Amino acid sequence: EIAPILKEYEIPATIFIAPSTINNKHLPFESKKNILANELCSDAVLDFSLSQEDELDELAKTFSIKWSDYLSEHQPFLTSKEIGELIGNGFTIGTQIYNHPEISIEQLKQQVISESQLLKNQFNLDYSVCAFHYSDKKLTADFFSSIEKNIDASFGINGLMNENSPHHYQRILMDKPQKAEDILKLAYSNYWLKKLCFKNTIKR
């Protein structure tokens with residue numbers, strides 16, 4: 001929905017996609033939790049961990065919620081054709097990494113490399129970028145060094161912060177109820193306050 005607006009105002013953008021969701025073939029664990037929380041009008045399921053995904057699926061069945069039916073009816077994710085059209089319209093795409101707080105560093109490394117390569121091969125890309133869905137503050141400099149041969153750039157969600165890991169950058173989250181202008185003003189205010197305290201750089 002945002003792509004036509006970005007194109008109209010000639011604003012470049014990278015769209016991050018979990019490869020497993022392309023063509024609505026798979027529903028990520030986080031999406032399942034959010035859907036079930038809305039259906040049950042309860043936030044209790046948001047506390048489920050990745051190791052409890054089978055229990056979450058059973059709970060969904062109890063309330064006659066079938067993930068395959070949900071995907072078929074709502075089709076919340078992009079298709080290969082739609083992604084190809086976005087690329088044709090000048091947008092770049094990258095890999096969205098969802099479950100990194102609950103897997104080992106080695107598993108995360110393999111996931112970043114394999115899923116980014118999958119996306120790169122599928123759409124014949126000459127670049128490879130990824131974004132982390134959760135905070136990356138606990139990821140070490142060694143981790144980023146281990147993926148830099150395969151990943152041109154990666155992105156976190158910690159707001160306006162400096163990084164001491166090359167090719168890794170932080171983003172300001174805009175999916176909030178406030179106006180974009182207010183979100184940016186607050187982000188810049190926080191940055192300068194942190195700078196005064198020498199806390200505006202994520203040290204790994």
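W192 is partly exposed, with a relative accessibility of 47%. The model is predicted. Y191 and W192 form an aromatic pair. Their ring centres lie 5.4 Å apart, and their planes make an angle of 85 degrees. The pair is edge-to-face because its angle is over 60 degrees.

This pair is part of a wider set. The whole structure holds six aromatic pairs. Elsewhere, three rings gather into one aromatic cluster: F16, F155 and Y169.

One of its members, Y9, sits in the loop between helix 1 (3–8) and strand 1 (14–17). Y9 is exposed, with a relative accessible area of 56%. Y9 counts as exposed because its value is over 50%.

Strand 7 is the last stop. The strand spans residues 201–202, and T201 belongs to it. Is T201 buried, exposed or partly exposed? T201 is partly exposed, at 29% relative accessibility. Which residues does T201 touch, once its neighbours within four places in sequence are set aside? The contacts are M161, N162, E163 and N164. Take N164 as an example. N164 and T201 are 37 residues apart in sequence. In space, their C-alpha atoms are 7.1 Å apart.

Technical notes:
Residues numbered from 1 in each chain as written. Predicted model: local features only at pLDDT ≥ 70, side-chain atom pairs only at ≥ 80, totals over all residues. Heavy atoms only, no water. Phe/Tyr/Trp six-rings, centres within 6.5 Å; stacked < 30°, edge-to-face > 60°. Buried < 20%, exposed > 50% of the residue type's maximum accessible area, 1.4 Å probe, protein only. Helix = DSSP H or I, 4+ residues; strand = E, 2+ residues; numbered from the N terminus. Contact = heavy atoms within 4.5 Å.
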